[in-house]
Amino acid sequence: MLNVFQIERLCNIVYLDVLISEHNNNNLAYIMNYMLKEGFERETVLPCMMTRSEWEGVAESIIADFALGALFIIKQINDEKTGHRAFCFTCENSPDSAYVIFRGTSGDGEWADNAEGMFVAETPSQKAALDFVKEVRNSFPNIKELCVAGHSKGGNKAQYCAVAGGASVDCCVSVDGQGFSLLFFEKYCDIIEKNRPKIISIAERRDFVNCLGFYLKKPTFYSGRRGDKTEENPYGAPLPYFHCPDALRLKSGATGGIAQNAYISKVINEFVIYFLSGEKHAHKREKTALGLVSLMTDSRDVKQAAEAIAESALVFFELSAKSSEFREDLQGLLTFEKDVIAATLNLIRQTKEGNGEIMETAMRLLAEKLILKPVYFHYFIKSAERFMLFQKKTREAREHLNHIGHFLKIILEHINRRAAGGEISVKL
């Protein structure tokens, strides 16, 4: 069997359309040589927010690795309607072992499926992944060891198959794969512990996807090369750049060292777990999750997204007021990872048309909810004060947290305008 980081390389290349072209009858060394010579020139937009030089590094590493270069595709699925894509690789000289690799999220349908995975036991996309594994087993009964793997949503699919597929899956590698709902653990509680040992989970320490949901297998975190400040990104790399499939690699191509997960990952996971736990937020989970995911899609619903942001903000401030551990991690985020926040907001401003309108609408909706529910207003003010006090302590922090002050100003001005008879008047 290949090792974890050889399999991680396969999780990279399944994003390349060349694997579904006329060239895919050749081995990977041939395909990667083609990409280096002319294939990358034909790509108008390279996937996964990776640069040309990064993709060339991936191609060169596969060519240099005899075991990877000798692999062939023996089965594939590429459903353009749903976005589901998977390949099965094996080597002619060693057909006993095979690798099913799932691609990460592609298209509006899979984004909606991601949201659904937060509040149902299993999703159509996860079931489709298991169906492909079963087809591989039926088509190639001589395979003795089958490994499933993938990046992001592909990693989630792989973990699902490792549990629900039982004995049909021998090992699993998840790269930045997101977690699962409570209903998944309830449905598969009898077999999770038996199958969990076959799962290997890895992630870049600042990745923001592996922490979405309940961990089936908490990742081993690595620190990659991204984050250096450049003239184009004066604050360093924004969050999406830490989620690309080779983010845990160094510039040399070697794997970065093992590290603690960043505060970004901790804060997101604590927030998501709080929102997914208990009955208090149960009636709003589906609508909120779908609203947030709509920000990622072409068919974005501004009102739905704004309401989801407002609802998430309420839960965020509620958790801030309740949990001292969450506040400590939040302060760590704002202290040590403020550049990542600033870089991410800068990217949103540059590339996400309409998000400014959505954010402002969301803040106004939040203000209205605070008026209607005074308990939330109390939580909000308590948390807002913590933000602003911290902001005032450090000049550098204040510069990077101006967006918080801006949003708070919108909210509080709206509250003051809406308050009957001026009974509520708040100034920061």
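## Strands and helices in a predicted model

Let's start with a pair of neighbours: strand 6 (residues 199-204) and strand 7 run parallel to each other, joined over three bridges. Two strands count as paired if DSSP finds at least two bridges between them. Helices (H or I, at least four residues) and strands (E, at least two) are DSSP runs, numbered from the N terminus.

This is a predicted model, where local features need pLDDT of at least 70, side-chain atom pairs count only at pLDDT 80 or more, and totals for chains, interfaces and linings use all residues. Residues are numbered from 1 along each chain as its sequence is written, and side-chain values use heavy atoms, with hydrogens and water left out.

**The sheet**
- Opposite I202 you will find T220 of strand 7.
- An open sheet has seven strands in the order 1-2-3-4-5-6-7, and their pairing is mixed.
- Its edge strands, each pairing on one side only, are strand 1 (71-78) and strand 7 (220-222).
- From one strand to the next, the twist averages 20°.

**Helix 2 with helix 3**
- Helix 2 (residues 28-42) and helix 3 (residues 52-64) have axes that come within 8 Å and cross at roughly 155°. Axes are lines fitted to C-alpha atoms, for helices over the stretch in contact, and angles run from 0 to 180 degrees between N-to-C directions.
- Helix 2 and helix 3 are therefore roughly antiparallel (angles under 35 degrees count as roughly parallel, over 145 as roughly antiparallel, 65 to 115 as roughly perpendicular and the rest as oblique).
- In contact (heavy atoms within 4.5 Å) are L28, A29, M32, N33, L36, F40 and E41 of helix 2 with R52, W55, E56, A59, E60, I62 and I63 of helix 3.
- These contact residues comprise nine nonpolar, one polar and four charged (Ala, Val, Leu, Ile, Met, Phe, Trp, Tyr, Cys and Pro count as nonpolar, Asp, Glu, Lys and Arg as charged, and the others, Gly among them, as polar).

**Helix 1 with helix 3**
- The axes of helix 1 (residues 4-13) and helix 3 come within 11 Å, crossing at roughly 130°.
- That angle makes helix 1 oblique to helix 3.
- R9, N12 and I13 of helix 1 meet W55, G57, V58, S61 and I62 of helix 3 in this contact.
- Here the residues divide into four nonpolar, three polar and one charged.

**Confidence**
- The protein's mean pLDDT (the predictor's confidence in each residue, from 0 to 100) is 86, and 85% of its residues reach 70 or more.
- Over residues 422-428, pLDDT stays under 50, and the model has 13 contacts beyond four places in sequence for them.
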